[in-house]
Amino acid sequence: MDGCIVSALWCFIPLLVLIHLLCFIFADADFTLLWASVLGHRPETKLKGLVVWVTGASSGIGEELAYQLAKCGSRLVLSARREDELNRVKRHCLDSSDLQDEDILVLPLDLLERISHEEKTKAAIQYFGHIDILINNGGRSQRSLCMETSVDVYRALMELNFLGTVSMTKQVLPHMTQRGSGSIVTVSSVVGLAGAPLATGYSASKHALQGFFNSLRTELTDYPNILISTVCPGPVQSQIVHNAFTEELDKPVATAGNQEHKMPASRCVSLMMVGIANGVKEMWIAQQPFLLFYYAWQYTPTFAWFITNMLGRKRVQNFKAGLDADSAYFTKPKTS
């Protein structure tokens with residue numbers, strides 16, 4: 001009898017490994033998040049009626065967050081610099097959900113104007129009475145080589161992506177600790193976990209966010225109902241490349257390139273919503289082969305360095321040849 005059980009286990013374990021391997025090949029998120037999407041709470045149930053403040057809500061991931069949160073019945077505070085774009089997003093939210101006009105507050109905000117963040121937070125709390133979730137999504141990317149990039153660009157990236165996010169968090173967090181509950185969700189990046197060429201400043205700002213929120217989470221152990229969550233997306237279809245910093249502050253990106261190979265923003269946000277609803281502390285969201293890099297960096301860093309150096313070299317070569325940085329992994333460099 002015991003021999004039968006052992007034999008069954010020896011058959012079951014390889015089968016389980018095979019199933020996980022097959023799932024991983026087609027996965028676009030870490031296993032914790034994918035299991036939550038199958039067995040966890042539904043966002044439309046957990047997030048309905050909650051007050052959610054989204055920064056960077058005028059385009060990209062932030063805009064898609066507004067649409068999906070509205071469909072879940074969340075009440076929204078939409079913030080970004082461009083008020084006209086925020087009003088456009090609000091109209092679309094109202095047209096595609098059961099929310100009423102008073103359920104969405106448009107609150108223009110500049111992450112660089114940190115002196116205004118206290119006033120903006122008070123305005124949001126006064127309007128709805130409280131804030132259940134803050135989603136730190138605002139920020140800019142980078143497309144330039146380190147040796148060609150002005151120090152002013154590095155300063156701007158840290159001021160915007162890191163200090164702007166820290167400032168917003170410090171304004172909202174005391175409100176949440178006073179209530180004893182809340183969620184602070186921050187959109188980081190795959191380059192917040194591992195470096196990438198052409199994004200030295202952007203990667204540094206995202207690494208800083210990872211370190212800050214991982215440390216903050218440990219400081220809040222007396223508040224078990226406050227979630228500190230970081231989201232690490234890979235390449236996503238959005239306007240982030242169009243708005244990226246280059247080697248000089250006021251120099252635009254020459255070409256944004258083809259975005260077809262990237263994950264749709266709707267899928268990325270759908271997974272984020274699952275993670276928020278289920279209290280996932282860190283979310284890895286990316287299509288293959290990028291998801292493999294997350295796991296390689298986590299469990300086999302020596303192998304990850306080899307792959308990163310090989311692909312990084314190709315990325316730089318393509319960038320110098322005038323090809324889009326993100327699509328460089330899928331295209332051959334130009335030859336003269």
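Close-up 1. At 21% relative accessibility, Trp297 falls in the partly exposed class (buried is under 20% relative accessible area, exposed over 50%, partly exposed in between, with a 1.4 Å probe and protein chains only). Trp305 is partly exposed too, with a relative accessible area of 48%. This is a predicted model, in which local features need pLDDT of at least 70 and side-chain atom pairs count only at pLDDT 80 or more, while totals for chains, interfaces and linings use all residues. Residues are numbered from 1 along each chain as its sequence is written, and side-chain values use heavy atoms, leaving out hydrogens and water.

**Close-up 2. Aromatic pairs.** Searching the whole structure turns up nine aromatic pairs (rings of Phe, Tyr and Trp, the last by its six-membered ring, with centres within 6.5 Å; planes under 30 degrees apart are stacked, over 60 edge-to-face and the rest tilted). In one of them, the ring centres of Tyr127 and Phe128 are 4.7 Å apart and the planes meet at 80°, so this pair is edge-to-face. Tyr127 is partly exposed at 38% relative accessible area, whereas Phe128 is buried at 11%. For Trp297 and Trp305, the centres lie 4.9 Å apart with planes at 75°, so they too make an edge-to-face pair. Elsewhere, ring pairs join Phe31, Trp284, Tyr294, Tyr295 and Tyr299 into a cluster.

**Close-up 3. Arg140 over Phe245.** Here the charged end of Arg140 sits over the ring of Phe245, 3.7 Å from the ring centre (the criterion is NZ of Lys or CZ of Arg within 6 Å of the ring centre and within 35 degrees of the ring normal).

Close-up 4. Helix H8 covers residues 200-219 (helices are DSSP runs of H or I with at least four residues, strands are E runs of at least two, and both are numbered from the N terminus). Buried residues of H8 include Tyr202, Leu209, Phe213 and Leu216. The buried residues of H8 pack against strand S4 (133-136), helix H7 (151-179), strand S5 (182-187), strand S6 (226-233) and strand S7 (282-285) (contact means heavy atoms within 4.5 Å).

Terms used:
The expected span of a helix is 1.5 Å times one less than its number of residues.
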